[in-house]
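Please consult the sequence and the structure while reading.

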Amino acid sequence: MHGRPTDTTWSKVPEVTIVFWIIKIAATTLGETGGDTVTMTLLHADTNAHSGGYLIGTAIFLAALVVLVAAQIHAKKFHPVLYWATIVASTTFGTTMADFADRSLGIGYTGGSSLLFVCLMTVLGLWYWSQGSIAVNTVTTPKVEAFYWAAITFSQTLGTALGDWLADTGDLGYEGGALVFAAALAVVAGLYFWTNVSRVALFWAAFILTRPLGATVGDFLDKPLDHGGLALSRPLASVLIAAFIIVCLIVLPQRAGRHPGAGTAA
């Protein structure tokens, strides 16, 4: 008796589970503290936004992101460490890029958030127009991966700008901003469990919202006391969060997501 050909293609991104979201929030927090470590602690861009510190930090993390995305696309299967390293690179780049746009270019948090939202919607729209779906479990080809990582990067940068906008412009502070985004994520979770709202739309909503949550938590950890933070060492916070992510990857195994019905397209 011959076995039936498989009708499932394994994608190169992880299955979306509670473990995924735990590591995602930690990665976005690391992106904030890690990006600030380079631009503010090492390059002192916080004391002079036009010194080039934000631009240099953005260039450093963009280079790392390009290399890791290329490695991710070239890989033949899902590699947890490579995938999450790429996510961390995208979120650190998002941190420095948003800070550069908001502070060095002077377009402000509102202008930066609006511009990045348009960019993200454009990428998602082009992805849908090209492939007929923006579901992450269809990330099985280089072309779809390119759309995926472009959307990821814009969502990370948008999340940074939103977090800063709500915490600073909205006068809520970092702790208040974190509570707002946590509440918004709770609403998304409620829609997932108790309604039939599109799972794809809810995924991208949650992915975007976890970034400003991580940004506000990261800022809360490392910003000065007179700015509403805990004034913790940025490098120390970054090392501790990175260690937590590594432990999660070791203790909480992940597997690739599945794309039903695409076995012949692998």
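The sections below proceed from the basis of the model to individual residues.

## Basis of the model

The model is predicted: local features need pLDDT of at least 70, side-chain atom pairs count only at pLDDT 80 or more, and totals for chains, interfaces and linings use all residues. Residues are numbered from 1 along each chain as its sequence is written, and side-chain values use heavy atoms, with hydrogens and water left out.

## Overall fold

The protein contains eight helices and two strands, where helices (H or I, at least four residues) and strands (E, at least two) are DSSP runs numbered from the N terminus. In order from the N terminus, the elements read β-α-α-α-α-α-α-α-α-β.

Of the 266 residues, 47% are buried; buried means under 20% relative accessible area, exposed over 50%, and partly exposed in between (1.4 Å probe, protein chains only). Among contacts (heavy atoms within 4.5 Å) with a separation of 6 or more, 76% join residues 24 or more positions apart.

## Cysteines

The model has zero disulfides, a disulfide being a pair of cysteine sulfur atoms within 2.5 Å. Cys 119 is partly exposed because its relative accessibility is 24%, whereas Cys 248 is buried because its value is 6%.

## Thr 157

Thr 157 lies in helix H5 (residues 142-169). Thr 157 counts as buried because its relative accessible area is 2%. Leaving aside residues up to four places away in sequence, Thr 157 touches Phe 93, Gly 94, Met 97, Ala 98 and Leu 116.
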